[in-house]
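Good morning. I will take one structure today and go through it in a few minutes. Please look at it while I talk.

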Amino acid sequence: MAQIAASIEYETAPSPAGLPDEMHALPGASLRFLSSEAVDGFKVRAALWQPENKPPGDTTMIVQVHGSGGNLSSLPLRAIARALSARGYAALSISTRQHDEHVNTDNFFDVRRDIEAAVATVRALGYRSIVLLGHSLETVQVQYYAATDWDPTIKAVILTGAFGKLPWKSRHILIQDEDNYKALAEASRGALRAGKAAEILPFKMRWLRGVETPVTAQHFLTYRDEQTSAADGTFWISRIPRPILILPDEADGLVLPFEPYMLLSAARAEGSLVPSVKYVLVPNHRPPSREGHLFTDNTDALIDAVAAWLAEQHL
């Protein structure tokens with residue numbers, strides 16, 4: 001008799017506390033919350049935005065994944081989902097296992113299970129046209145997923161605030177201290193050998209805007225270490241057999257201007273599986289800032305760029 005070894009389950013969940021004011025649906029759309037259980041038991045919280053009076057089988061679903069320490073209500077996810085659900089698209093925005101206070105603690109390979117749970121959930125809801133959207137850190141997670149799961153229901157990939165090669169950037173742009181980098185690498189390998197990869201290291205890591213942040217060995221080794229990290233978008237992007245949209249904000253203060261071009265170049269390289277890739281710099285004449293990275297004051301231009309590209313793709 002067959003037995004079930006693992007499964008993905010989902011259910012309706014209560015509204016999370018402390019949501020931003022914009023976390024409500026526009027006329028013609030609805031918002032509710034779900035909880036999906038990944039195959040390893042992690043609970044993936046999600047916001048489900050849907051157009052009213054439009055069946056899932058006729059609707060394109062955008063599965064959205066936040067950046068470092070974000071969650072299902074973060075910008076730019078909530079702005080895109082709120083606007084496009086009123087224009088006939090659906091969106092499922094998830095909180096991965098590196099959400100909020102869990103930032104810089106996760107294993108890169110485990111987050112794939114969170115995206116897998118989200119995709120399985122929307123398929124169970126009846127959606128057959130899925131677009132993957134990742135922001136910032138999760139752009140590489142979305143690229144990894146799309147490169148390793150050629151599910152025909154996944155029609156396209158959108159990358160907002162995307163960096164190029166995270167392990168190189170972590171060592172030479174963020175950390176900028178070889179002694180600290182080598183100490184983190186050595187401590188991470190020691191923790192892994194000792195079976196303590198999920199524990200916080202004794203050394204902090206220099207991170208965005210010079211902030212010193214706690215980090216686990218599993219996070220450092222799978223995201224930041226140049227020898228062992230898998231968080232290299234320039235590797236994964238050329239292996240995605242779907243159309244790709246790369247959307248940086250002109251005022252992004254966290255991603256260097258050349259980084260999206262690294263991805264664009266890799267996607268267009270000889271032998272790439274990418275059928276088409278489009279780069280759209282969202283205009284923003286404000287000085288570079290963290291807010292620019294989140295499209296905080298530029299959501300209308302971002303939404304229009306996403307909607308226009310989806311229309312070009314007949315999605």
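The buried residues of α1 are covered by, among others, strands β2 (29-37), β3 (43-51), β4, β5 and β6 (129-135) and helix α10 (299-312). Before going on, two notes on where this comes from. This is a predicted model, in which local features need pLDDT of at least 70 and side-chain atom pairs count only at pLDDT 80 or more, while totals for chains, interfaces and linings use all residues. Residues are numbered from 1 along each chain as its sequence is written, and side-chain values use heavy atoms, with hydrogens and water left out.

Now some terms. Helices (H or I, at least four residues) and strands (E, at least two) are DSSP runs, numbered from the N terminus. Buried means under 20% relative accessible area, exposed means over 50%, and partly exposed is in between, with a 1.4 Å probe and protein chains only.

The buried residues in α1 are L77, R78, A79, I80, A81, A83, L84 and S85.

**The loops**

Go to the loop between β4 (60-65) and α1 (77-85), where P76 lies. The peptide bond joining L75 and P76 is cis, with omega at about 0°.

The loop between β5 (90-95) and α2 (108-124) holds D100. N104 lies in the loop between β5 and α2 as well. D100 is a residue other than glycine with a positive phi, near 50°. N104, also not a glycine, has a positive phi near 65°. Is N104 buried or exposed? At 1% relative accessibility, N104 counts as buried. D100, at 31%, counts as partly exposed.

**Salt bridges**

Next, the charged pairs. Side chains of opposite charge can pair when their charged atoms come close. A salt bridge here is a side-chain nitrogen of Lys or Arg within 4 Å of a carboxyl oxygen of Asp or Glu. How many salt bridges does a search of the whole structure find? It finds 16. I will go through some of them.

Start with E37 and K43, which form a salt bridge with their closest N and O atoms 3.1 Å apart. E37 is partly exposed at 25% relative accessibility, and K43 is partly exposed at 35%.

Another salt bridge is formed by the side chains of D304 and R87, at 3.6 Å from N to O. D304 lies in helix α10 and R87 in the loop between α1 and β5, so this pair ties together parts that are 217 residues apart in sequence. D304 counts as partly exposed, at 43% relative accessibility. R87 is partly exposed too, with a relative accessible area of 47%.

Then there is E226 with R171, a salt bridge whose closest N and O atoms are 3.1 Å apart. This pair links distant parts of the chain, 55 residues apart: E226 is in the loop between α6 (217-224) and α7 (233-236), and R171 is in helix α4 (residues 166-175). E226 is partly exposed, with a relative accessible area of 35%. R171 is buried, at 19%.

How values were computed. Contact = heavy atoms within 4.5 Å.
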